[in-house]
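I opened my notebook to record what I looked up, one entry at a time.

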Amino acid sequence: MSDDDRPDRERTARRDREAIDRLADEVLPSLIARFGTSDLGELEVKRGAWRIRLRRPLDAGVTAGGGLAPASAGKGGEGKRPGRAGHVSAGHTGSASGNGQAAPLAAVGPGRPVEPQASGRAEPARLASISPGVGYFTAREGIAAGMTVRGGDVLGHVDVLGVRQEVVAPADGIVARVMAEQGEAVEYGQELVRLDPAPRAEPAREG
Amino acid sequence: MFERILIANRGEIALRILRACRSLGVGAVVAYSEADRETRAVRLADEAICIGPAEAKRSYLSAPAILSAAIVTGCDAVHPGYGFLSEDDAFAEMTRAHGLAFIGPPPDVLERFASKAGTRQLLERHGLPIVPGSEGMLRDDEHALAEAERIGFPVLIKPSAGGGGRGMRMVRTPRELQQGLPICRSEARGAFGDDSLYLEKWLEENRHVEVQVIVDRYGNGVHVGERDCSVQRRHQKVVEESPTPALDEPARRVLNEGAIAAVVAAGYENVGTLEFLVDRDGRSYFIEINCRIQVEHPVTEMVSGIDMVAEQIRIAAGEPLGYSQADVQLRGHAIEFRINAEDVAHDFRPQAGTVSAFVPPGGPGVRMDSHLYAGYEMPPYYDSLLGKLIVWGPDRPAAIARSKVALGELVVEGLITNIAFHRAILDNPAFVEGSFTTNLLDRVGSAAFVAGSARS
C-alpha cells in the first residue's frame, strides 16, 4: 500500500497550513494595511522559511482587492443579497486579507516557489471598500460623492456585535457613491463605498 | 414558536434544517461563508447572509459573526446543525445573552454533559453500565496488576489527561502490563505533563450502537430506538442502520429504556444521542452523549416517521413533547450511506472540484439528503460529505436489496466518490449477516476490503 509516506506528507501539509494560517493572522493584515498606504509597487518580507510578497497590479491602484477581496458580481438584483462576491482565489492565505487591499499575493513556501495566481477575472475590477464583517454600517462623517480619499483611509465602520470593524479604502480614489445607508445591516464582503480611480498625476509604479 | 431561525451551518444539514423550518411555517435565514455562496441551501433560502470568508474560524466557527447575522436579519433563534459550534456551551450561553434561542440543549445542560468522564459518572449513577475500569488512578505497578486481574485482560492503559491515543496502550498479559506502564507513564508525562494512568477494559470485537432520545423542558422523554454505526473507518462512521442487527428485541428494549430513563433522570433536554459499545456477548457500555442532531438522524426518521429536526426546534421553543413512548412506533429497517467525495484507492483522500452530473436515485423507501446539483463546485475547506442516501424496507434483507438498486442508480460525476465502496460493503458477508464490528474495516484494510468484495 502507498500508505507509508502519507502520515509524513500529512504532517508536512499540516505544518505548512499552520504556518500559513499564522502568517495570515499575525503578519498579513498589518502588512497589507501598510502596503496599501505606501507608494511601493511590490513588497516582500521573509519570516523564517516563508516569504510573503505583495504586488500591486500593473493597473496600479485600480482594483477591488486584486482577486482576494470579493468582487461584486450581482445576483438577479436581489436587494437583500447585495455585493455577491466571487470565490476566494487563494485558500487560507487569500481569505486572510478580509479588508481587501492586497494585490495578488502568493505565499512562497520553503524551496517551492509558486507563481502568483491570476485572479481569474478578466473584466476591469471595480474599486470599492467592502464590508469587513456582518453587522450595522456607519459611514464616517463627511464621506460623500466627489471626495478624494487615500488608500488606507477609514471610510466608516461596521458594528459586529458591538465591536467596530473598520471599512478601509483599498486605494487612492474619489468617492463615487456610498452604497449603504447609515445604520443599514450589511453582510461580509458587501460593497459599501464605491470609488473612482484617482486621476493619475504620476506614472504608474511597478515592482 | 419562533418567527425566524438563523441556520448557522452548511452543506446538506443547512438544507435539511431549511426544509424543517419551512414545513413548520417558520422563517429561515441561511448564514454562509464566501466559499458557500452557490450552495443549494443559499439558493433555495428566502434570505441568506454572508458571514465571513471560507475559513471556518472566521465564519461558521465565529460566534460574533453568527450572532450579529442573526440580529441584523431579525432572527429569534439560531440552529447550529452538527459540528462547528453545535455543542459549544459558551456559544449557547452567548446566544442566550443576546436574546436569541439556541436550538439544542440549554447552556447549563450542555455544560453538565460537556465532560466525557463526568457524563459517564453521572449516567452510571442513573443506572447505565459503563466500560469497567480501575478504581481511580493507578498507585503503582502492584495496584495496576491487581486492578487488571479484577477487570480481566485485555485492558487498555489510559492517561488521565489528554487524548488522541498518546500514552494509551492495550495489553493482554501481566507481563505486557508491566512493560507498558513505564512507557505510558513517560508518554503521558511528555505529552500532558501528568503521568497518572488508569485502566479500562478492552472490548475487542465491539459494535457501536447509539440510542436516539427526545426530552422536552418538562421532563417528558421518549427514545426513538437505536442505530447501529459499526461500519467505521478510523472512527469515522460510513454506514448506519436501525434497528441494530447486534441485539435481539428484548436486549434492544433494555438498552433503549435504560438510556431514556437515565437521561431524563439526569436532566437532559432536547434531542440527543447516547453512544454505547456493545461487546461480543451483547453487553452494552455507555461511552458518551451527543447533545445535537447527528448526521445519521434520517435513519431514525425513516423507521419512526418523526421529524427529528422539527422536534429539536419545537422543544427549544418550549413546546411540550405531546406524545408518549407508546406513540412511538418503529417500523421496518433503514440504512444510511454517507456519500463522500473521497478517493478510496488513495487512502480515502478528500476530493474537491466541480460536480458535472448528479442524479439521485428513487423508488419506494429511498431518500437522498444532498446539497448537490450539476455544476456545484465542492470547496476544499470543509468536510467531504456530498450527501446521504437513506433506504427503508419492511425488513433488513428488503432494505439491503433496495439499497443495492439505489446505489446502482446514484450518479455523481466530476468527483471521485465512495459510492463503489458502499456497494462493496453491501456484498460483504459480515455486513449481510449483521456481524460487522467497528474494527473490521481497519483490520482488513479498506483497499483489501474493496478488492475482496470485487472478487466475490
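Before reading any sheet, I noted when two strands count as paired: DSSP must find at least two bridges between them. I also noted that this is a predicted model.

**Entry 1: a sheet in chain B.** I looked up the strand order first. Three strands of chain B form an open sheet in the order 7-6-8, and the pairing is antiparallel. Which strands stand at the edges? They are strand 7 (169-171) and strand 8 (197-201) of chain B. Each has a single partner strand, so one side of each is left without a neighbour in the sheet. From one strand to the next, the twist averages 30 degrees.

**Entry 2: one pair in that sheet.** I followed strand 6 (residues 155-159) of chain B to strand 8 of chain B. Five bridges join them in the antiparallel sense. I picked out Ile157(B), which has Leu199(B) of strand 8 of chain B opposite.

**Entry 3: helices on the sheet.** I checked helix 7 (residues 141-151) of chain B next. Helix 7 packs on the sheet and touches strand 6 and strand 8 of chain B. Its direction makes about 15 degrees with that of strand 8 of chain B. Then I turned to helix 8 (residues 174-192) of chain B, which lies across strand 6, strand 7 and strand 8 of chain B. Helix 8 runs at about 170 degrees to strand 7 of chain B.

**Entry 4: two helices crossing.** I reminded myself that packed helices are described by the angle and the distance between their axes. In chain B, the axes of helix 1 (residues 11-24) and helix 11 (residues 308-316) come within 9 Å. They cross at roughly 65 degrees, and the crossing is right-handed. Which residues make the contact? Helix 1 of chain B brings Arg16(B), Ile17(B), Ala20(B), Cys21(B) and Leu24(B). Helix 11 of chain B brings Met308(B), Val309(B), Ala310(B) and Ile313(B). By class, I listed eight nonpolar, no polar and one charged residues.

**Entry 5: rings.** I found nine aromatic pairs over all chains. Ring pairs link Tyr60(B), Phe84(B), Tyr381(B) and Tyr382(B) into a cluster. I also looked at Arg396(B), which lies over the face of Phe431(B), 4.8 Å from the ring centre.

**Entry 6: strands in chain A.** I ended with strand 9 (residues 173-178) of chain A. Strand 9 pairs with strand 6 (residues 148-149) of chain A over two bridges, in the antiparallel sense. There, Val149(A) has Gly173(A) as its bridge partner. Strand 9 of chain A also pairs with strand 11 (residues 191-197) of chain A, antiparallel over five bridges. Arg177(A) has Arg194(A) as its bridge partner in strand 11 of chain A.

How values were computed. Residues are numbered from 1 along each chain as its sequence is written. Chains are lettered from A and ligands numbered from 1 in the order in which they are written. This is a predicted model: local features need pLDDT of at least 70, side-chain atom pairs count only at pLDDT 80 or more; totals for chains, interfaces and linings use all residues. Side-chain values use heavy atoms; hydrogens and water are left out. Helices (H or I, at least four residues) and strands (E, at least two) are DSSP runs, numbered from the N terminus. Axes are lines fitted to C-alpha atoms, for helices over the stretch in contact, and angles run from 0 to 180 degrees between N-to-C directions. Contact means heavy atoms within 4.5 Å. A crossing is left-handed if the near helix is turned anticlockwise from the far one by less than a right angle, and right-handed if clockwise. Ala, Val, Leu, Ile, Met, Phe, Trp, Tyr, Cys and Pro count as nonpolar, Asp, Glu, Lys and Arg as charged, and the others, Gly among them, as polar. Rings of Phe, Tyr and Trp (its six-membered ring) pair if their centres lie within 6.5 Å; planes under 30 degrees apart count as stacked, over 60 as edge-to-face and the rest as tilted. A charge sits over a ring if NZ of Lys or CZ of Arg is within 6 Å of the ring centre and within 35 degrees of the ring normal.
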